[in-house]
Structures are given as C-alpha cells and as structure tokens.
Amino acid sequence: MSSKLFSPLTLRQLTLPNRIAVSPMCQYSAEDGLANDWHLVHLGSRAVGGAGLVITEAAAIVPEGRISPQDIGIWSDDHIAPLRRLTRFIEAQGSYAGIQLAHAGRKASAYRPWASAVGSVPLAEGGWATVGPSALAFDAGFRSPAEMTIADIEEQVNAFATAAKRALQAGFKVVEVHAAHGYLLHEFLSPLSNQRTDQYGGSFDNRIRFLQETVVAVRKVWPDELPLFVRLSATDWTEGGWNADETVALSRQLHALGVDLIDVSSGGNVATATIPVGPGYQTAFAARVKQEANIASGAVGMITDAIQAEHVLRTEQADLVLLARELLRDPYWPLHAADTLKENVAWPPQYVRAASSKTPLRSSVDYSAFD
Ligand SMILES: Cc1cc2nc3c(=O)[nH]c(=O)nc-3n(C[C@H](O)[C@H](O)[C@H](O)COP(=O)(O)O)c2cc1C
C-alpha cells in the first residue's frame, strides 16, 4: 500500500518528505527568548523520529508578546544564531524546520504551567503590561490589557515582518503566523475580545484587517518559493464568538493574499468555553477550510494513531497532520507509523540496528561488515 501519510507534500518550491508535522509546543524553557540546548534536543529528536516538518513553539515577535517569560523569541538579531543551530540539525535529518511567529496579546506575561500560580506574572516578578484590541481581561487572575492604538497595530505588523526576515536568516523554510488560541491576532478576530469602534473592530472586514495586514507584510519579505501558514482557531465554541463560517471566509481571503496552508485549531479565547475534546475533534473544521476555501489545510487535535492520521488525509479532510502531545509521548511516532502502514521509511543510520532488516538507511553507509 502506498500511504498518503508518507507521500511528499509540495507547497510552493518546498517538498516535505511526508505529511507529519510537529505541532508548535511551548517549552517554557528559554531565558531572554534565546533557544538553547533543550530546544535543540527536543526539536532535534522529533526530526530524528521522522517528522517531515518540525515547527517551533510560539516565538515572540516582541518581548511583550511572550506567553510566559520563558518563551523563545525572535525580536532581535541575537536570537538568530541559536535558532540557526536548530534548523541546521533538523535539516541534516532530512526534515524541514518551521517557526511559529506569535504575539500573546492579553494572554501574555503568564506563569508557565508548572509554576505554583496561574494568571499574570506580577510586574515585580518579571511580568509586564499587556495589550489587546480592547481593555478586556482574558479571565480572573489575568491583567486587563491596554487598548492598542492604530500606531501600536502598525508597529506589530512591522514586527511580524521583521521577525519573518530573521526567520529566513535562521534557516527556517516555513513561517506560521499564530492567529489562534486567544492570542493577539485571534483577539482581534473575535467580537468577544474585540469591541473596537474604529476600522479594526465591528464588522467581519474590520476584525480581520490586522491579520490581513500582517500576512501582506510577512508575505512581502518571505520568499515566493517558501510556504506561509496561518494557524486559526476555527471557533470560539461560544455563542456570539468567532465561528467556522467566518473561518472559511477568512481562509479564502488569506489564500488570495499568499497564504499556502491554514493550520486549523480551535478555542483559547474564552476561558469558560466547553470544548468537545476527543479524537479528531477539530478535523471537520480542517475539512471545511480545505473544501470550501480551496486552500491546503492542516488537521490537529488528538490525532494519535497512524490509521487515524491516514484516514484524515485519505478522506481529503486535510493535506498535513500536526501532532503535539503524541509526539511528546513518542518522538519516533513517524517511524512506528511507517511500520503500521508498511512503508519503507529510512531510519537514521545511527539507529539502524533497532529498525527492521528491510528498512533503508538515510545514508549510504554499509553496516554489513559490523553485523
Ligand atoms: C505543551 C504544549 C505547548 C503548546 N504550545 C503551543 C504553541 O506554542 N503554539 C500553538 O499554536 N499551540 C500550542 N499548543 C497546542 C498544540 O500545538 C496542539 O494544537 C494541541 O495540543 C492539540 O494537539 P494534540 O492533541 O496533538 O496535542 C501546545 C500544546 C502543548 C501540549
């Protein structure tokens, strides 16, 4: 059988070796936004494990855009070299590196998950003042953001573009703009967090303006031959919030602006929303985007099994699957999935003794003399 999961995916001039991506995952382990040995080993292991695309955690475009003080960032040239180290290693494994560019908006300056407190880190403990479309706090324990001025919005659009330029210098082949999970760009999309009365609030066209401007600015500096992704939350799972119809309409517009794939997630903007989490709970949204907006889509959310992933792709619900927690449990998930789907996927030569005898190597090293 020739699987979809292990078929290449070409987006612009980039051909991913398979359709398995490491979904962005904050590691809350950086100082001053600088990627370090943890990020190299964490992301590098997933490239060794055979994921075709390895996307970094949310990388902050400005220091105030970090979710937690321990996030990685790309707000200065000093961030480039340590990121370059990651991309070099990832590509040496036959995989490609992507970076998620992010601003956390009103959810910035938060404690990392294993801290003893939740919500905003106080200024006295290294936290900072937050910004958003309107002065509405995300939840109890989070500070109220300052409403952004038009000049603030322009500044962030430029910061996204400058970050994309640095990402290119760092060797990334995919940029993903984070417009999901209740962070800054999503906050503008949703009428629940955006109550502005200027050209950035109110109507659908006004609420999507900031993201459109961001995408145009990023596309201008990101090479034509490389793909651009946008991650969206398809729905706020809340009456009166951002919804799936709007996601489809926005995806159509983003496609026209040069976006190549919509990474379709959900939720994150309403602390009290009830989300029907379960296997493949978001894939129906990815399918709508792919079919109705006529753009490639990525499916994410409780995809844990090779057959399940293959089914998502084969039924044309998505072009790419992104796995997060399952790849934390098992960095070698793609190699195991290849066994399940009876695909001859190359193992790293260093690990060949663990692979089946028929498995090819990623290099032409002949190990027979050592057996
Ligand atoms: C530890 C952890 C950190 C995450 N950080 C990010 C992030 O930086 N950016 C993002 O878009 N999603 C983030 N997510 C969400 C995942 O990318 C993914 O969408 C979600 O976990 C659902 O996929 P899964 O069921 O395969 O885990 C994170 C998830 C986890 C578990």
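Reply: Gladly! Let us start with helix 8, where Thr283, Phe285, Ala286, Ala287, Val289 and Lys290 are buried. Please keep in mind that this is a predicted model.

Me: What do the buried residues of helix 8 pack against?

Reply: They pack against helix 7 (244-256), strand 10, strand 11 (296-300) and helix 9 (306-314). Just after helix 8, asparagine 294 takes a positive phi of about 55°.

Me: Why is serine 266 called buried?

Reply: Buried means under 20% relative accessible area. Serine 266 has 7%, so the label buried applies. This serine is found in the loop between strand 10 (261-265) and helix 8 (283-292).

Me: Which residues does serine 266 touch, not counting residues up to four places away in sequence?

Reply: Serine 266 touches His181, Leu232, Ser233, Ala234, Thr235, Trp237, Tyr281 and Gln282. As for valine 300, serine 266 is 34 residues from it in sequence, and the two are 9.3 Å apart in space, C-alpha to C-alpha.

Me: What makes threonine 214 count as buried?

Reply: Its relative accessibility is 0%, and the cut-off is under 20%, so threonine 214 counts as buried. Threonine 214 is found in helix 6. Leaving aside neighbours within four places in sequence, this threonine is in contact with Val157, Phe160, Val177 and Leu185.

Me: How many aromatic pairs does the structure hold?

Reply: The structure holds 6 aromatic pairs. One of them is formed by tyrosine 28 and tryptophan 114.

Me: Why is the pair of tyrosine 28 and tryptophan 114 called edge-to-face?

Reply: Two values decide this. The ring centres lie 5.8 Å apart, and rings pair if their centres lie within 6.5 Å, so this is an aromatic pair. There is 90° between the planes, and over 60 counts as edge-to-face, so that name applies.

Me: What does that pair tie together?

Reply: Tyrosine 28 lies in the loop between strand 3 (20-22) and helix 1 (37-48), and tryptophan 114 lies in the loop between strand 5 (96-102) and strand 6 (131-132), so the pair ties together parts that are 86 residues apart in sequence.

Me: What makes phenylalanine 188 and phenylalanine 210 an edge-to-face pair?

Reply: Their centres are 4.8 Å apart, with 75° between the planes. Those values meet the limits of within 6.5 Å and over 60 degrees, so the pair is edge-to-face. Phenylalanine 188 lies in helix 4 (residues 184-189) and phenylalanine 210 in helix 6 (residues 209-221), so the pair ties together parts that are 22 residues apart in sequence. Both phenylalanine 188 and phenylalanine 210 are buried.

Me: Now for the whole chain: how many helices and strands are there?

Reply: The chain has 11 helices and 12 strands.

Notes
Residues numbered from 1 in each chain as written. Predicted model: local features only at pLDDT ≥ 70, side-chain atom pairs only at ≥ 80, totals over all residues. Heavy atoms only, no water. Helix = DSSP H or I, 4+ residues; strand = E, 2+ residues; numbered from the N terminus. Phe/Tyr/Trp six-rings, centres within 6.5 Å; stacked < 30°, edge-to-face > 60°. Buried < 20%, exposed > 50% of the residue type's maximum accessible area, 1.4 Å probe, protein only. Contact = heavy atoms within 4.5 Å.
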